[in-house]
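Please look at the sequence and the model below before reading on. The paragraphs that follow go through helix packing, the nonpolar cores and a few backbone details.

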Amino acid sequence: MNWKGVLPAITTSFNADLAVDHAAVAAHCSWLVGHGCTGIVCGGSLGEAATLTFDEKVAVAHTCVSAVGARTPVVLGITSAATTEAVALAQAAEDAGCSGLMVLPPYVYSSDWREMKAHISAVIGATGLSCLLYNNPVAYRTDFLPEQIAELAAEHPNLHAVKESSGDVRRFTAIRAACHRRLDLLVGMDDAIVEGVAAGAVGWIAGLVNAFPAESVALFDYASRGDKARAAAIYKWFLPLLRLDTVPKFVQLIKWVQAEVGRGTRHVRPPRLPLAGEDLAQVQKVMADALAKRPQL
């Protein structure tokens, strides 16, 4: 599949009773694709995958595939504490019509390379789907080093991409050197998109795109074309919002911003709670400033 461009890591819409709102999920996917996004990533951290049951994840994947049809690929995040369940989820994603998998290390347990490689290899090898390895050592306490990624790429022909979220932009250069351009590299932290593209990234699995798809696509396109002046102008405006993607309450914050632009609700599943106090005051200020200075594209 095509891993290039802006691929939203979508939020999961919930009703007031916290059941998945499939109609809202479908409408959101169509809206994002209509604004130029090149793929849909569901069941990730921003999609509150840790609070979704196995069946809910598969049902969301079905909804996304039905919503976008052949217009763009759908990717399911493969997250589980158990390798057997992760393998089953990958196979269910294939049956649901997904085009790709975003493969994560197991929840909770972090270990050495031998065990992590066995888990990742089992998931990648479970289907013929195109796979993206998600490296986020801050969140998952497993750091896939460039030479380890190269080892996986050499053994798995359907490993096609890496979502790099270590926070060290030098990793893009190191992975390219280790893999000899074998893999597509994607930025996984919103506030590193311009730097990541400059270092060789060809895609962006984005968070704030859920509320601002036109601005996200424009920023990525300008950065990719080397139009530094236009990219810098949008980036300067966008950064206070993009930084909401890299803090512990990123789900609540992004859903709050979505609701403010009329593209969702603020409902989150526990243990997350709605924003309050200083958290709410800060995002209200960021959003007010952003809307007051929103650029004309």
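**Helix packing and the core**

The helices themselves are DSSP runs (H or I, at least four residues), as strands are (E, at least two), and both are numbered from the N terminus.

The crossing of α9 and α10 is left-handed, a term used if the near helix is turned anticlockwise from the far one by less than a right angle, with right-handed used if clockwise. From α9 the contact (heavy atoms within 4.5 Å) draws on E215, S216, A218, L219, Y222 and A223, and from α10 on R230, A231, I234, Y235, W237, F238 and L242. By class, the residues of this contact of α9 with α10 comprise 10 nonpolar, 1 polar and 2 charged, where Ala, Val, Leu, Ile, Met, Phe, Trp, Tyr, Cys and Pro count as nonpolar, Asp, Glu, Lys and Arg as charged, and the others, Gly among them, as polar.

This is a predicted model, in which local features need pLDDT of at least 70 and side-chain atom pairs count only at pLDDT 80 or more, while totals for chains, interfaces and linings use all residues. Residues are numbered from 1 along each chain as its sequence is written, and side-chain values use heavy atoms, with hydrogens and water left out.

The largest nonpolar core has 91 residues, and those with the most contacts inside it are L241 and V257. A core of this kind is a set of buried Ala, Val, Leu, Ile, Met, Phe, Trp, Tyr and Cys residues joined through side-chain atoms within 4.5 Å, and buried means under 20% relative accessible area, exposed over 50% and partly exposed in between (1.4 Å probe, protein chains only). Helix α10 (residues 228-242) gives the largest share of this core, 8 residues. Leaving aside residues up to four places away in sequence, L241 touches L208, F212, V257, V286, M287 and A290. A second, separate core of 15 residues includes V41, L132, L186 and I205.

Helix α11 is mostly covered, with 10 of its 11 residues buried, and its buried residues pack against α1 (22-34), α10 and α12. Helix α11 (residues 250-260) meets helix α12 (residues 277-292) at an angle of about 45 degrees, their axes being 11 Å apart, which makes α11 oblique to α12. This crossing of α11 and α12 is right-handed, and the contact is made by L253, W256, V257 and E260 of α11 together with D279, L280, V283, Q284 and M287 of α12.

Some backbone details remain. Just after α11, G262 takes a positive phi of about 80 degrees, and in the loop between α11 and α12 lies P271, whose peptide bond from P270 is cis, with omega near 15 degrees. R141, in the loop between α5 (137-140) and α6 (146-155), has a positive phi near 60 degrees although R141 is not glycine, and R141 counts as exposed because its relative accessibility is 54%.

Key: Axes are lines fitted to C-alpha atoms, for helices over the stretch in contact, and angles run from 0 to 180 degrees between N-to-C directions. Angles under 35 degrees count as roughly parallel, over 145 as roughly antiparallel, 65 to 115 as roughly perpendicular and the rest as oblique.
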